[in-house]
Amino acid sequence: MLTTIFPRKDFDCKICDYRYGKRFAIQQNTDSGLNYPVDTEPGKQYANFQMYQSFKYGMKYTMFSNSYNPGGANSIANIDYVNMCGSGIVELQHYFSTDKWINPVTGVDELIPDHIGSVWTSLGATYFNVTAGDSKPTLYPNHGQQLYDISGGKYGYDVVNGVSGLSNLSELKGIKSRQTDWVDSLGIKSCSVFSYRNGRNMSPEVYKQLYLMGRQSNPNNAYFYYGNSKFDETPLGNDLPLSRTNQVNRSITTRWVDSYISSTPGAKEAANNLVRNKITEAYNNRGAYTDFSHHHSAGSNQMLEDLFKTIGEHLDAMDYRKDCWISGFGDLAEYFWFRQLTKRAVATNLGDRIQITLEWNDLNTVTNGLSDDVLLTMLKTPLSIEIDLTGTFLAGKTIKTSYGKILSLGSDKYIVELSFYEAYAGIKCLVIQEGQGEFYDTTVISASYSKIGSNVTVTVNKNVRAVLMSTADTIYNMSALLYSNTLSKSHTFLLDSTKITFIGVVDELGATKLIEIV
């Protein structure tokens, strides 16, 4: 008989509901990675303006995109993805092209035959059990059950009977693999979540072996359920199903831009009020508020400004910001699943050190013939654990940890971080000892700048990343961004004195400040 010996519990420690011990979360995201003008006037690029807005209103957002350049010449270039994601303001995740496949016969990355059209052609008849000339639904067939049925079991997946087509889903896995390779080639954080093109996710089961979570395009006007708290069992948000299949087909709370641009009288204020109300509900119920809006659909950057402005000003007016984790969609999913994998955390006094050890939940099940296993290699966001060292041998002393940075709460209380991949003496745990550890700097950002010749230097009281933004006329027409993505207290940029210029700075915890250079 196998026996598991778990470390003794000498005193309590708490697995935090959200990273950094926050009470609730906010997440805003967009699709496509387009960088084209949203106005009739040229040069009004939404991505540039959103960078400005993020610094002004203290936001971070997720851009679901891919390497297929849906906007052609107006798409964001690879170097821009690298810079934007390195700034700490933007998170890149996969915009899954459900209308594409890796041809199981030729290995070519292409559109699924006849997917877009309303009539089957000879090409479709080559791969599927159809007759050229017959009518068909548009945006059909999709990965999973539809491909399985229309091909007579050659491709796709039979969800009903849990049987893969003869291709073993190579047409789907190949698309995922190529997009993963693209992101890896950029040298940025790998993707763990996805949204899907044309809002088509007809067989979500087949995606659970590829991602931690998937965002669908439909709002449910409910704050995002984030599981039950590990320390008081309170449901965090709405009580929704927690199956892996559900998690790769998640609704969002609001779709602000669609409501905002409606021709209905009062639509703009109604859309803004809905955002405010749902943020308040998320705060009250310790849930996560999520919004999906196509930034490039807002009509103009003047209109687009209302989204981040409404969120930022509401957080400040209600004094929610100190309790809010403004996260990327991937960050949110990774933290959720790391926390769901844990049953409890215990702190053990080992004489010269305190060891925090996690006890794991077993979430391994099989449904529809597909494993529900969580993709452990995607858990890149660390787990936050709150610990009170009052009355221990470390009380009143400076501490260090075996991994990560420490957030001091005062009075010998701390939040420490545990990576899913870190181990100490062969055990997945975190060790706290006396010593000089690395701490998050929670002081409010203050900054000044100086101009010498054609350069401008911004000096800050803490380590930050910085972005210079400039425009020849108004803030709605930001045309140039320069990045300094290494954490530092000083950043120097080349200054064009003929332009209106701003420098945005962001610290490790996501706090921002926008400085106008005059």
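This is a predicted model: local features need pLDDT of at least 70, side-chain atom pairs count only at pLDDT 80 or more; totals for chains, interfaces and linings use all residues.
Cys13 is accordingly in no disulfide, the nearest cysteine sulfur being that of Cys16, 9.8 Å away. Cys13 is buried, because its relative accessible area is 13%, below the 20% cut-off for that class.

The sulfur of Cys429 has its closest cysteine sulfur in Cys13, at 12 Å, which is too far for a bond, given that a disulfide requires the two sulfur atoms to lie within 2.5 Å. Cys429 likewise counts as buried, because its relative accessibility is 2%.

## Ala347 and its surroundings

Ala347 belongs to strand S14, which covers residues 342-349, and with a relative accessibility of 0% Ala347 counts as buried. Beyond its neighbours within four places in sequence, Ala347 is in contact with a set of residues that includes Cys13, the cysteine described above as buried. Met469, by contrast, is 122 residues from Ala347 along the chain, and the C-alpha atoms of the two are separated by 47 Å.

## Helix H5

Helix H5 comprises 17 residues, 170-186, and at 1.5 Å a residue should span 24 Å, which agrees with the 24 Å between its end C-alpha atoms. Just after H5, Gly187 takes a positive phi of about 75 degrees.

The buried residues of H5 are Glu171, Leu172, Gly174, Ile175, Lys176, Gln179, Trp182, Val183 and Leu186. These buried residues pack against helices H2 (78-86) and H4 (145-150), and also against strands S3 (61-65), S4 (90-96), S5 (100-102) and S6 (109-111).

Definitions and conventions
Residues are numbered from 1 along each chain as its sequence is written. Side-chain values use heavy atoms; hydrogens and water are left out. Helices (H or I, at least four residues) and strands (E, at least two) are DSSP runs, numbered from the N terminus. Buried means under 20% relative accessible area, exposed over 50%, partly exposed in between (1.4 Å probe, protein chains only). Contact means heavy atoms within 4.5 Å. The expected span of a helix is 1.5 Å times one less than its number of residues.
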